[in-house]
Amino acid sequence: MNTSIDRRIAVIGLGAMGGAMADTLHRTGWQVTGFDPSEAARTAAEALGIGTVTDADALAGTPYVVLSLPSAAIVEATVPGLFRAPGTVAIVDTTTSEPATSAAMATLAETNGAAFVDAPVSGGRDGAATGSLSAFVGASQTALAAAGPVLDALTGGKYSHIGGPGSGNVVKLLNNVLAAANLVAVGEALAVAKAYGIDPGTAAASISGASGGSKVSAAMYPNWVLSGTHDSGFALGLMARDAALAVDVARQKGENPALLAAVVGQWQEALAVLGPAADFTEIARMVAPAITRAGTPTTPVAAATAPRA
């Protein structure tokens, strides 16, 4: 453990991921203060021994900051306030955000003598709770060095430096849209297997050891879809948002990924029927209802704001 740095750290956003990251940091010797607009989220953090504040502005000047927020717009609204007092060394943004936002925040941080890295993460709440997340990092070399102690604590050193500011967000969005596509494709394939009288679990296991295999076929369908639990902890609304953002980012550079765009349409249909709070693995109920325990959804859910990560 590096004890030569000031180990005061703020975690802004104490939802499923942020709360778990705050707990990991607390248990590994960081002096954590958390903020979330939700009183319930703050209370849950306090029960773990984490101090909280009721206003993010109270965290200005904290040496290290982790962001786990719902959107790029909230990142933009939050970061400037952190510089209202001197002392911030590095901000690690684990939000699945937008490349332009990350680039702008990196410039703002640099003008204030601090570092900002976009480090959207993968590994879910289990990875957050055990400090074994993987992260897609966009940062200058100087910013990466400043944020290194925090990245190490959250990932055990398992992070990829993709390139400059914003590049971590690009690759994370591409990762998520590929996962979104694979969730649809594997579901459709397993439904075909069942139509031929083949057990979907057996088919998934066989495919997972061959060229068509993936984490979706090896783990997501067996653990969360075929089991009927749908308890991954990641909301359908968030995946639908990320998939759409990935295609938007592609189009900004003149790319037109037709297959991925079609997948985005399927996720938007699922969002309209199942609602943003459904587990993201429930997409199977739309594309392969024959292999899900809940079957075909029947009642569309009114539109609502997607829950926080």
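This is a predicted model: local features need pLDDT of at least 70, side-chain atom pairs count only at pLDDT 80 or more; totals for chains, interfaces and linings use all residues.
1. Residues are numbered from 1 along each chain as its sequence is written, and side-chain values use heavy atoms, with hydrogens and water left out.

2. Helix 10 with helix 11. Helices here are DSSP runs (H or I, at least four residues), as are strands (E, at least two), numbered from the N terminus. The axes of helix 10 and helix 11 cross at roughly 150 degrees and come within 9 Å; axes are lines fitted to C-alpha atoms, for helices over the stretch in contact, and angles run from 0 to 180 degrees between N-to-C directions. Angles under 35 degrees count as roughly parallel, over 145 as roughly antiparallel, 65 to 115 as roughly perpendicular and the rest as oblique.

3. Who touches whom there. Contact means heavy atoms within 4.5 Å. The contact divides into 13 nonpolar, 2 polar and 1 charged, where Ala, Val, Leu, Ile, Met, Phe, Trp, Tyr, Cys and Pro count as nonpolar, Asp, Glu, Lys and Arg as charged, and the others, Gly among them, as polar.

4. Helix 7 with helix 11. With axes 10 Å apart, helix 7 and helix 11 (residues 258-274) pack at an angle of about 75 degrees, and are therefore roughly perpendicular to each other. Among the residues that meet are Val177 and Leu183 in helix 7, and Leu260 and Trp267 in helix 11.

5. The largest pocket. A pocket is an open set of points on a 1 Å grid over the protein atoms alone, where a 1.4 Å probe fits, with protein on both sides within 12 Å along at least five of seven lines; lining residues have an atom within 4 Å of a point. The largest pocket holds about 1000 Å³ of space, a volume being the space filled by probe spheres set on the points. Its lining has 42 residues, with Ser122, Gly123, Gly124, Met220 and Phe280 nearest the centre.

6. The second largest pocket. Its volume is about 230 Å³. Helix 10 returns here, giving the largest share of the lining, 6 residues. The lining of this second largest pocket divides into 8 nonpolar, 1 polar and 3 charged residues.
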